[in-house]
Amino acid sequence: MTLHSHKGLMFILDGLGDRPVPELRGRTPLEAARTPCMDALLTRGMGGLMDPLSPGVPVDTHTGTALLTGVCLKDARFLRRGPIEAAGAGVAMRNGDVAVRCNFATVEKGGDQFLIKNRRAGRLGEREVAELAMSLQQIDLGDGIYGSVHPATQHRAILHLTGPGLSADITDSDPMSGVSLRIQKVRAHDPHNIRAVATAEAVNRFLGIACARLPDHPFNVARRKAGGLEANGIICRGAGEILVLDNLLHHLNIKAAIITGDCTIVGLGRLLRHTVHTSSGFTALADTDIKAKIQMAIDALDRHELVFIHLKGPDICSHDLNPRGKMEFLERFDQALTAVPADDLVIGITGDHSSDSNQGDHCGDPVPSLLSSPGGRRDLCREYGETACCQGGLGRISANSFLISMLDAMGCLHNYQAGDSKYYPI
Ligand SMILES: [Zn+2]
């Protein structure tokens, strides 16, 4: 079927890297976890430290994953979350539309401003978010612009704007960090950009309408009665227009599949034109069905040269300040990994970024990574973890280079020319 000598399996463990945690006696969750299967893969392969974008720079999931799945550095820097989430939720965007990533949140009015009390309105189920979104359809925002909300994973949603003269060159209403809890007014990045100014005004109008309408929604009335957190506001970020992404794997004529339960990664996979496999048992949480994911990946290898498996669990645990949960997830993952027929496969294990379980957020530390291939080089790393990987033969490697190293081990780079230099590390 092919010139390729081996097929490849890349595990993207979301937020894999971490920092030493006092409750784990100064070890990281990966170092504290019992992982005999990954240790064996490392022993017959090489370890290293992977920088998604640039050393020390924290990145979002979509950026780190895009770089590992074939998007070059230059394009990945400008990816916006809105259209990726929209693709994941199956929202059909046309040229000129704008998509903005949203959270349903608990907000409180303070003077003429809104303060965020809970960024996720507690935790919302997808059915609840779908009900809330139903009340925010085809909202007339003036000048022929309309806004509709579509549900995504958990508390997340997408605001889809249609109409003439839109621009995605606008700021976020989401203050993101804990420094300010005030919802920000959305503005044009360039006040001379008339289209962006009009779009920012439309988004602000929409957010005002949502805050006025949501408290009366039956879901919120019931939550108020029960003393729970209301989903009475929306915060948004990552506005973007429709994306057409170049991809190294298409360029090399390599068929790839992505296995994931996360709406963002589903969207990214669709935009990259990889085969996307998902299932209701893939929760994008720590309780996901790891074994079923691995089995689906093994099946997908029949029809694809390279299969990516994305697991969100480690990052969720870090955001929840739960390093022990992250350690236990990695142990469950390691047990499930025994089902992989490793002898004839090129296997890469890495993450889209590191996440600090002490702070509950992404950090710019490099990701401990391993590459194991039949007949491939070995190094002296034995126990998979942040410290051991400092000594590894892969050295300090970029996300693009990690993918390219896998492809080389698979024997896929026959058509790789010097002209492909945008994929060389910078
Ligand atoms: Zn991530």
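The dialogue below goes through a predicted model and asks what lies behind the words used for it.

Student: What should I keep in mind before we start?

Tutor: Residues are numbered from 1 along each chain as its sequence is written, and side-chain values use heavy atoms, with hydrogens and water left out. As the model is predicted, local features need pLDDT of at least 70 and side-chain atom pairs count only at pLDDT 80 or more, while totals for chains, interfaces and linings use all residues.

Student: Let's begin with the metal. How do you know which residues coordinate the zinc ion?

Tutor: A donor is an N, O or S atom within 2.8 Å of the metal (3.2 Å for Na, K and Ca), and since water is not among the atoms, sites may look incomplete. Asp-14 (OD), Thr-61 (OG1), Asp-352 (OD) and His-353 (NE2) coordinate the zinc ion at 2.0 to 2.1 Å. Along the chain, these donors follow the spacing D-x46-T-x290-D-H. Asp-14 sits in the loop between strand E1 (7-13) and helix H1 (29-32), and Thr-61 in helix H3 (residues 61-68), so this pair, 47 residues apart, links distant parts of the chain.

Student: Why is the site of the zinc ion called tetrahedral?

Tutor: Four donors count as tetrahedral if all angles lie between 85 and 135 degrees; four count as square planar and six as octahedral if opposite donors are over 155 degrees apart and all others between 65 and 115, and anything else is irregular. Here the angles among the four donor atoms are 97 to 125 degrees, and the site is tetrahedral.

Student: Is Asp-14 buried or exposed?

Tutor: Buried means under 20% relative accessible area, exposed means over 50%, and partly exposed is in between (1.4 Å probe, protein chains only). Asp-14 has 0% relative accessibility, so it counts as buried. Thr-61 is at 2% and therefore counts as buried too.

Student: What makes strand E7 largely enclosed?

Tutor: First, the labels: helices (H or I, at least four residues) and strands (E, at least two) are DSSP runs, numbered from the N terminus. Seven of the seven residues of E7 (residues 156-162) are buried, so the strand is largely enclosed by the rest of the structure. Both faces are covered: Arg-156, Ile-158, His-160 and Thr-162 are on one side, with Ala-157, Leu-159 and Leu-161 on the other. In a regular strand the side chains alternate between the two faces of the sheet.

Student: How do you know that strand E6 pairs with E7?

Tutor: Two strands pair if DSSP finds at least two bridges between them. E6 (residues 146-151) and E7 are joined by six bridges in the antiparallel sense, with Ser-148 opposite His-160. Strand E3 (residues 98-110) also runs antiparallel to E7 and is joined to it by six bridges; there, Cys-102 stands opposite Ala-157. E6 and E7 form a hairpin with four residues between them, and Gln-154 in the turn has a positive phi of about 50 degrees.

Student: Why is Arg-120 called partly exposed?

Tutor: Its relative accessible area is 26%, so Arg-120 falls in the middle class. Arg-120 lies in the loop between strand E4 (113-118) and helix H6 (126-134).

Student: Which residues lie nearest the centre of the largest pocket?

Tutor: Arg-120, Met-176, Arg-237, His-319 and Asp-361 do, out of 30 lining residues. On a 1 Å grid over the protein atoms alone, a pocket is an open set of points with protein on both sides within 12 Å along at least five of seven lines, where a 1.4 Å probe fits; a cavity is a set from which the probe cannot get out, and lining residues have an atom within 4 Å of a point. The pocket holds about 700 Å³ of space, where a volume is the space filled by probe spheres set on the points, joined across faces, edges and corners. Helix H12 (313-319) is among the elements that give two or more residues to the lining, and H12 gives the most, with three.
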